[in-house]
Amino acid sequence: MAEFTPEKCKQIALARLDVVHQWLEFRKKSKNKLQADYDFVKLYNTSNSHLFEIIGKISRGSLHRWYAMLNGIEDYTKLLPQYKYSSVNDYRTVLNDDEIKIFMGLLLHPNRLSIGKAIALTKYKLKEQGQNFIPTDITFRRYAKWFKNNNYDKWILARDGEKALSDKVEPYIKRDASLLEVGDILVADGHKLAFQVINPFTGKPCRATLVGFLDWKSTALVGYEIMLEENTQCIASALRNSIINLDMIPKVVYQDNGRAFRAKYFTDDKGFTELGFQGLYSKLGIETVFARPYNARAKVIERFFKEFQEGFEKLLPSYIGSSINNKPAYMMRNEKFHKNLHNEYIPTIDETINMIDMWLSFKNSQPCPNAPDKTITEVLSERKRQNIDIDTLDDLMLATEVKTIQRNGIRFLNCDYFDERLYGFKSKVLIKYNLFDITNIKVFTPKGEYLCTAERVTETHPMVKLLGDVKDYEDYKQKIVRQRQLKKKTVESVKKYLETEDIKLLETKIETQSLDLPLQEVFNTRLNGVQKMFKNNADKYEYLIIHNPQDEWIEQFKQTKEYKLLYE
């Protein structure tokens with residue numbers, strides 16, 4: 001193998017040969033050769049020629065020495081600089097092996113010491129060992145620079161670890177997304193929001209997590225879920241929203257390593273394969289693919305989240321930054337000016353979802369990276385819809401804790417949810433909901449049997465007849481009718497129980513008891529004289545309309561203003 005010669009040394013040797021040729025031509029024009037030599041050197045050293053930029057200043061002795069080295073042969077290699085050259089694998093330095101070992105041991109430490117600190121510690125250790133000659137700082141710095149440039153893989157692995165080696169040094173495979181169709185592959189990942197939202201469960205500000213599914217072909221975020229607390233079901237709920245929005249079931253869901261994906265957002269150590277999601281996905285015909293640990297997988301969704309932070313999150317007043325390093329100025333100490341200017345507005349979940357959807361509309365209007373001649377929306381519109389039945393996706397809905405049925409139904413997010421099917425129950429149930437539509441919740445038994453879909457109960461105008469409009473009055477009438485229907489249903493049911501043969505037999509036995517006749521007559525007389533006590537006129541009216549509808553008091557009560565306000 002030929003000896004290595006740096007390119008700069010070749011340029012110097014070729015430039016020296018050109019200077020020798022110019023010098024010899026200059027000497028031919030003069031009879032006094034000695035004077036010609038001095039004149040040439042002076043002209044050359046005061047010029048701004050290309051050769052001067054390469055070689056620098058010369059002397060008469062340099063010219064004669066180079067001429068002698070050529071010895072009449074036009075071989076530029078004889079004019080190469082005569083110092084030892086540094087190669088890729090061998091660096092010429094005054095540092096000895098012990099000095100390099102101490103210095104690199106500090107520099108390649110995983111705590112990532114700075115070059116300056118490593119130099120200072122190395123020089124201190126060499127002094128402690130009694131070494132007289134200590135190399136200068138620039139010598140150490142030049143060696144560190146050479147080592148990093150020629151051993152970048154070792155530098156990154158030692159200081160930053162395997163993932164950094166995979167992401168920064170190892171070659172990656174480029175994938176041709178143009179071969180995909182919309183809905184073929186959804187890439188899943190989570191992103192800790194860099195702004196605060198109001199937690200509907202606690203009413204306090206918090207940083208939520210957005211779990212999203214991005215279509216690889218169109219690069220559109222087709223579905224997501226806002227995760228307020230650690231809830232593994234959020235992943236499945238986000239997939240459910242994606243399927244509904246796409247109106248098709250994806251072929252493949254591609255996400256980070258199962259255990260690593262959970263480790264980013266959950267404290268327990270269960271992997272994806274231990275949560276039952278694979279069974280849910282398989283039921284829908286979806287293949288689940290996991291990226292290998294430390295593998296530089298496709299950064300499609302990570303690039304999306306970076307754009308999301310720069311183009312959306314930083315525009316919100318409640319932006320607090322993703323780390324200490326990028327906190328806004330108003331959160332710093334003693335920043336009174338920025339604190340006075342800061343808007344304290346913090347959005348609710350509904351407002352956050354609306355704002356995210358608005359930003360997604362803007363994002364999807366941009367050109368698609370995988371089809372530059374079309375927008376993301378245009379690429380997304382080319383999908384083949386499947387008319388998905390939403391009820392078949394209930395297994396993917398977000399499940400919450402067990403609730404107890406109260407008088408007004410189920411209390412959830414400071415609202416009541418009611419359905420006639422819940423009337424008369426006083427047991428525990430399991431509810432499933434979607435934060436994107438909290439107008440209703442689905443109710444199941446603790447065993448998973450579907451009961452009903454409970455609608456959110458709206459509040460009624462406090463003086464609907466006098467101050468409310470037509471809509472308020474109609475709502476009030478419907479609620480009154482429902483109350484009466486439910487009460488009638490209960491009364492009819494109880495009547496059926498009281499009309500059984502056992503009850504009638506019991507009544508016969510009581511009537512034929514061997515009571516003393518005078519005592520029984522006294523008892524009946526007193527019983528007829530007892531009057532039922534009512535709390536108010538409405539209570540009395542409700543009783544008489546069922547037990548004695550011919551009572552004259554009913555007609556008198558119907559003429560009063562109280563009756564008209566309550567029943568008309």
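Is D160 buried, partly exposed or exposed? At 31% relative accessibility, D160 counts as partly exposed; here buried means under 20% relative accessible area, exposed over 50%, and partly exposed in between, with a 1.4 Å probe and protein chains only.

This is a predicted model, where local features need pLDDT of at least 70, side-chain atom pairs count only at pLDDT 80 or more, and totals for chains, interfaces and linings use all residues. Residues are numbered from 1 along each chain as its sequence is written, and side-chain values use heavy atoms, with hydrogens and water left out.

**View 1. K168 pairs up with D160 in a salt bridge.** Side chains of opposite charge can pair when their charged atoms come close. To count as a salt bridge, a side-chain nitrogen of Lys or Arg has to be within 4 Å of a carboxyl oxygen of Asp or Glu. By that rule, there are 12 salt bridges. For K168 and D160, the N to O distance is 4.0 Å. K168 counts as exposed, at 52% relative accessibility.

**View 2. D137 and K123 form a salt bridge.** Their closest N and O atoms are 2.8 Å apart. D137 belongs to helix α7 (residues 137-150) and K123 to helix α6 (residues 115-128), so to speak of distant parts of the chain here is to speak of residues 14 apart. Helices are DSSP runs of H or I with at least four residues, strands are E runs of at least two, and both are numbered from the N terminus. Both partners are partly exposed: D137 at 39% relative accessibility and K123 at 22%.

**View 3. D184 meets K251 in a salt bridge.** Here the N to O distance is 3.6 Å. D184 sits in the loop between α9 (162-168) and β1 (185-192), and K251 in the loop between α10 (233-246) and β6 (252-255), so this pair ties together parts 67 residues apart in sequence. D184 counts as buried, at 15% relative accessibility, while K251 counts as exposed, at 54%.

**View 4. V443 sits in the largest nonpolar core.** Such a core is a set of buried Ala, Val, Leu, Ile, Met, Phe, Trp, Tyr and Cys residues joined through side-chain atoms within 4.5 Å. Leaving aside neighbours within four places in sequence, V443 is in contact (heavy atoms within 4.5 Å) with residues including I410, L422, Y450 and C452.
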